[in-house]
Amino acid sequence: MERGRKAASISRSIAAISCAHETAGHLPPGKTKIVQNALASMRRTIGTTSTKKAPATADKISAMLALCPDTVKGKRDRAILSLGFAGAFRRSELVSLEVADIQMMEGGAQVTIRKSKTDQEGKGQTIGILEGTRLRPLASVQEWMSAAGIIDGIVFQRLSKAGKLLGPMSPEAVAILIKNYAAKAGLDGSQFSGHSLRAGFITSGAEAGHDAIRIAEVSRHKSLDVLRGYVRRSNLLKDHPGASFM
């Protein structure tokens, strides 16, 4: 097995290869005994525990937003950080968002996510985004679009040094942006990723005591078991059984 790769990554690669073989009418290698035995041996050797990146919780997002400069680029970055958090967006969903997908309403907005990791057929999912009084994601998005002159099409775009729009951002650019602002806020940027905004909303919701089902209405998790993993991690020390005697 390749050095440096996690068990989950290798398993996903084998699943993709097997799917391609099956589609072509061949025996999928992932179902052969030799590959299954190799995978089992790999899991025993390198383990299956995944390395979790740090969640960008509400307090951390607030600290990052305070560092966004009052420039066109700064307004864009503020909008990405605040909206990405408020909607528990995946980075690929953020960079695909279009102006028509955001429908303003009293107290917030209705946002349509046309396609996502859990909606490969593109049926679309709709979530509600609160404006709030602290992070104000919708106001930030409107300020960015106004400053950049965006009236339709993709919301989050690359910028030239002169502030000219250069087309859609890449998911990787969002991840780099998050890492950079985390570092500016005095955090370890290497511990953050494109997933940190999504994980941050879920973790913040869990820490505030909100029900997993209500959180899932925003995060769009199909499996509550996955979501409960976030909730459990955020509550590891809350009401701890050792609190009265340690």
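Start at the second largest pocket, where about 740 Å³ of space lies; a pocket here is an open set of points on a 1 Å grid over the protein atoms alone, with protein on both sides within 12 Å along at least five of seven lines, whereas a cavity is a set where a 1.4 Å probe fits but cannot get out. The volume is the space filled by probe spheres set on the points, which are joined across faces, edges and corners.

The model on screen is predicted, so local features need pLDDT of at least 70 and side-chain atom pairs count only at pLDDT 80 or more, while totals for chains, interfaces and linings use all residues. Residues are numbered from 1 along each chain as its sequence is written, and side-chain values use heavy atoms, with hydrogens and water left out.

**The pocket lining**

Select F85, A86, L130, F201 and H210, which lie nearest the centre of the second largest pocket among the 25 residues that line it; a lining residue has an atom within 4 Å of a point. The elements that give two or more residues to this lining are α3, α4, β3 (125–130), α8 and α9 (212–219). Helices (H or I, at least four residues) and strands (E, at least two) are DSSP runs numbered from the N terminus. Coloured by class, the lining shows 11 nonpolar, 7 polar and 7 charged residues, where Ala, Val, Leu, Ile, Met, Phe, Trp, Tyr, Cys and Pro count as nonpolar, Asp, Glu, Lys and Arg as charged, and the others, Gly among them, as polar.

**Helix α3 and I61**

Next select α3, whose buried residues are A58, I61, M64 and L65; buried means under 20% relative accessible area, exposed over 50%, and partly exposed in between, with a 1.4 Å probe and protein chains only. Seen down the axis of α3, these residues fall within an arc of 120°, so they line one face of the helix, the arc being that of the directions from the helix axis to the C-beta atoms. They pack against α4, α7 and α8.

Within α3, centre on I61, which counts as buried at 0% relative accessibility. Leaving aside residues up to four places away in sequence, I61 touches A56, L81, F85, L135 and L197, a contact meaning heavy atoms within 4.5 Å. A distance drawn from I61 to R78, C-alpha to C-alpha, spans 9.5 Å, and the two are 17 residues apart in sequence.

**Helix α7**

Move on to α7 (residues 171–184), which has 14 residues and reaches 20 Å from its first C-alpha to its last, close to the 20 Å expected at 1.5 Å a residue; the expected span is 1.5 Å times one less than the number of residues. Its buried residues are V174, A175, L177, I178, Y181 and A182. They cover an arc of only 160° around the axis, which puts them on the same side of α7. To see what covers them, show elements including α3 (58–65), α4 (72–86), α5 (91–96) and α8 (196–207). Just after α7, G186 takes a positive phi of about 85°.

In strand β3, select I127, which counts as buried at 3% relative accessibility. Its contacts, not counting residues up to four places away in sequence, are G87, F89, A109, Q110, V111, I113, E217, V218 and R220. The C-alpha atoms of I127 and S219 are separated by 8.5 Å, although the residues lie 92 apart along the chain.

Following α9 comes R220, whose phi is positive, near 65°.

**Two loop residues**

Most residues other than glycine have a negative phi. A88 is buried, with a relative accessible area of 0%. The loop between β3 and α6 (137–148) holds R136, where phi is near 45°, again positive in a residue other than glycine. R136 is partly exposed, with a relative accessible area of 38%.

**Zooming out**

Buried residues make up 40% of its 246 residues. Of the contacts with a separation of 6 or more, residues 24 or more positions apart account for 57%.
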